[in-house]
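I opened the notebook to go through this model from the overall fold down to single side chains. My entries are below.

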Amino acid sequence: MVLVGIIVLFLRKVGDGKSLTAVGAKNIKYYTTQSNLLCGIVAAYYMYLKINKKPLTDAFVFLKLTATATISITFLVTALVLAPNYGYLKLYRGQGFLFHLIVPLLVILDFCLLDTKNVRMKMRYTWMSIFPTLVYGLGYIWNLGRSGMEDTLPNPRDFYKFTTYGYNVAILLFAGILFAAFAMA
């Protein structure tokens, strides 16, 4: 499903940048695209392990936990923060239906119900699994501030509209997202 969604996304000829759509590879700037790509990579690695009858390694379990935590953030932020701003129909159509709803739910269910259910997780994996979200968030903040913080709110560079209610609320939202990533892991 991730492969189909990526093909559709990268072949897209239309994107307004206002409803979290861009043209082609420019979609890679979105956390949703990145978290879905990570899930696709982990799924491919899982297929490699199964085809070659190799055991699930600690590295795989960590990657799967990280992918599950990031895709959970995609699901939660879309449903609770972005969809109220952009509209549920805009974010849950086309590849958005796959990337915002179907893939996240399947990845979460897969993690809870399949191969990793009997694997003992190390606590450090939980902390380490928020790293992609932290890096993305810091990069996003850097992008907002690279030309100086705008007086106009929301900041014109803020395609997620996190600064709609000011920078203090945006910082609290970022902290909440990091906490949610940890809680999901």
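**Entry 1: the chain**

I noted before anything else that this is a predicted model. I looked up the secondary structure and found 8 helices and 0 strands in the protein chain. Read from the N terminus, the order is α-α-α-α-α-α-α-α.

I then checked burial. The chain has 185 residues, and 42% of them count as buried.

Next came the contacts. I took those in the protein chain with a separation of 6 or more; residues 24 or more positions apart account for 63% of them.

**Entry 2: helix H3**

I picked H3, which runs over residues 58-86 and has 29 residues. From first C-alpha to last, H3 reaches 39 Å. That is close to the 42 Å expected at 1.5 Å a residue.

Where is the kink in H3 centred? I found it on Thr78, with an angle of about 50°.

Just after H3 I came to Gly87, which takes a positive phi of about 105°.

**Entry 3: salt bridges**

I searched the whole structure and got 2 salt bridges. In general, side chains of opposite charge can pair when their charged atoms come close.

I took Asp58 and Lys122 to begin with. Their side chains meet in a salt bridge at 2.7 Å, N to O. The pair links distant parts of the chain, 64 residues apart. Asp58 sits in helix H3, and Lys122 in the loop between helix H5 (95-113) and helix H6 (123-128).

Asp58 is partly exposed, at 41% relative accessible area. Lys122 is partly exposed too, with a value of 29%.

I went on to Lys64, which forms a salt bridge with Asp110. Their closest N and O atoms are 2.7 Å apart. Lys64 lies in helix H3 and Asp110 in helix H5, so this pair ties together parts 46 residues apart in sequence.

Is Lys64 buried or exposed? I read a relative accessible area of 7%, so Lys64 is buried. Asp110 is partly exposed, with a relative accessible area of 25%.

**Entry 4: back to H3**

I closed by returning to the helix. Asp58 is in H3, and Lys64 is in H3. I marked both on the helix, along with the kink centred on Thr78.

How values were computed:
Residues numbered from 1 in each chain as written. Predicted model: local features only at pLDDT ≥ 70, side-chain atom pairs only at ≥ 80, totals over all residues. Heavy atoms only, no water. Helix = DSSP H or I, 4+ residues; strand = E, 2+ residues; numbered from the N terminus. Expected span 1.5 Å × (residues − 1). Bend = angle between axes of the 7 residues up to and from the residue. Buried < 20%, exposed > 50% of the residue type's maximum accessible area, 1.4 Å probe, protein only. Contact = heavy atoms within 4.5 Å. Salt bridge = Lys/Arg side-chain N within 4 Å of Asp/Glu carboxyl O.
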